[in-house]
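Please examine the sequence and the model displayed below before reading on. The paragraphs after them are intended to be read with the structure in view.

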Amino acid sequence: MSTQETEQVDSQIHKFLKKGFIIESSHEQGEFISNIFLRPKKDGSFRMILNLRELNKFVMHHHFKMESIHTCTQLMRPGCYMASIDLKDAYYLVPVAKQHQKFLKFTWKGRLYQFTCLAQGLSSAPRLVAKLMKPVFSHLRGKGHISSGYIDDSFLVGYSNSECQLNVDDTLQCFHELGFLTHDDKSVITPTQIIQHLGFVLNSIEMTISISEEKHNKLCGVIISVLKQNMCSIRAVAQMIGMMVACCPGVEYGTLFYRQIDREKTAALKVNQGDFDKHMTLSPKAHQDMLWWVENARLFTKRLDHGKIGHVLYTDASTKGWGANMANVTTGGEWSTVEKDHHINYLELRAVLFGLQSLCREISNAHVKVMTDNTTAVAYINNMGGSRSFLCNDMAREVWAWCMTRNIWLTASHIPGKLNVVADKASRVFDDSTEWKLDANIFPKLTAHFGTPEVDMFASRLNYQMTPFVSWHPDPQAWAIDAFTLDWNNIFFYAFPPFSIIPQVLQKLDTAQTQAILIVPNWPTQPWYPMLTRLLIQQPILLPKHKSNVSLPFKQEKEHPLGKQLKLMACLLSGDPCQVRAFHQKLKQQYSTPGGLEHKNNTKSFSTSGSHLLISGMQIPFIQL
């Protein structure tokens, strides 16, 4: 020990001898001698603790429930008044039987001492003090006072200033009559609506709880110390995690940002066979989470009331896909081939994420209730993750991360599967006709020739070629929903629409006088075909006839109904007459097909060679991809 620490121990022993907490002792059979060490207090002084680690191995453990900061927040009401009373030397007021004092011995400067009362460091001491205080609080609560006790710290509540003051007066009187001493400088006996208690700041005006500046600074010091080391001891990481967990009651979303570190700590312990003194390296992801605590722990004050539930979202998942329903709007979709391999618990959480992204995209600053028939999903959402499944934890974190950016608070509840009918149906019944996707290897060749569009206009999260994209129905990753409701002016887009709506697409494109790359079948017999040729501003590209040109992302083995008969072409179109005229000027006038008669109609299909089409007597040759 340092000189300062030695002086502190001398002072503590002198004070303890004077108060009778310890006495000088002599050796006896069955004695247990332990070391002593110091721990700093908030006021700058030190607390002397008996290192009873070895003795505690022989002390029988009794499970008991202690009141905590959670109890205090449950007692609060908007605008209530609060106070606190700190007992002095609470442990040392509980005597230990003489025949058991031999287990609480220590030596200092060649002399042997023994405690006559409960010693700091005895594992059973907190339980004994808590049980000792129960009749005291029972008496006070019997008088109608609202209070909570955590070992030697008491938290008092009154729903008015006078009610809280009466609580303080009666509690102080009771403590003094029982012989307890109080710390006047640590107690807050004047009713207040903002109070610091157990390292947290409780605010009944805003109904929030946050960590104190002192608690935050201590945590930041430990985190920065770990960050500075390339390799740190597993023990140091475990202590840091313990401090993070202890801060979580006062840090909104704090639970999301320690499990990755805990996962890496557990893995390091497993490799090192449980040796906490071995060293480990933390990943960049863990470093990011640690920095989050430093930068945000005091910013994200925890709200005790998240307001009334404004929206209810129903979600479900099956092995085929996901479904969601909110306010009579239903959406869903199939899983990708990769997603299908995941456990159903993971898929249920992913369904929640997709439901939020699809149906709550315009919502912010709200409280949303999620109804799902999977209890694991409910637990992982309400607990902001879990430790049993890394994948489920990561998905729950992704759900909450999305909500954090919109200030959405989630509450998850279980709904029996037989009642979750709408979402369940949406997760099992799908329309494959809108999900066909052009071969991803073809798309970059088209953009290299025609230019890069700004948006994929008719797509989903499974078949989009680029982002952003517009979906048919609410989609978790879509930029917008229902392309026909959008303003197409000044948007250069790509589209591979269902064949049945090609006329509508051409009509809106022409009206908006915008530009697009359109993938359509080469069907000259269709009524919309002349409309399409009139909007061309570059030579169309014929795609090779192959069954792999189009596929379903979630059913790669399924062939398009038209199979190899499907002839697709890529067209660069514009509704701007100036662009169309400029293109026509580049084309060579052709008044008849080779060897044929003069045209009777403005629009003619392929020449006999099949390598070009004609419009208004002009030949437009195809380009073969």
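This is a predicted model: local features need pLDDT of at least 70, side-chain atom pairs count only at pLDDT 80 or more; totals for chains, interfaces and linings use all residues.

Residues are numbered from 1 along each chain as its sequence is written, and side-chain values use heavy atoms, with hydrogens and water left out.

The predictor's confidence in each residue is expressed as pLDDT, on a scale from 0 to 100. Its mean over the chain is 89, and 94% of the residues reach 70 or more. Over residues 598-610, however, pLDDT stays under 50. For that stretch the model has 31 contacts beyond four places in sequence, a contact being heavy atoms within 4.5 Å.

Two packed helices are described by the angle between their axes and the distance between the axes. Helices (H or I, at least four residues) and strands (E, at least two) are DSSP runs, numbered from the N terminus. Axes are lines fitted to C-alpha atoms, for helices over the stretch in contact, with angles from 0 to 180 degrees between N-to-C directions. Helix α8 (residues 259-271) and helix α9 (residues 284-296) have axes that come within 8 Å and cross at roughly 135 degrees. Helix α8 is therefore oblique to α9; angles under 35 degrees count as roughly parallel, over 145 as roughly antiparallel, 65 to 115 as roughly perpendicular and the rest as oblique. On the α8 side, Gln-260, Ile-261 and Glu-264 make the contact, and on the α9 side Lys-285, Ala-286, Asp-289 and Met-290.

Arg-350 is placed in helix α10 (residues 344-359). With a relative accessibility of 14%, Arg-350 counts as buried, that is, under 20% relative accessible area, where exposed means over 50% and partly exposed in between (1.4 Å probe, protein chains only). Leaving aside residues up to four places away in sequence, Arg-350 touches Trp-335, Glu-339, Met-395 and Glu-398.

Phi is positive in Ala-327, near 50 degrees, and in Asn-328, near 65 degrees; each is a residue other than glycine. Ala-327 is exposed at 63% relative accessible area, and Asn-328 is exposed at 76% relative accessibility.

Another loop, between β23 (455-459) and β24 (469-471), contains Pro-468. The peptide bond from Thr-467 to Pro-468 is cis, with omega near 0 degrees.
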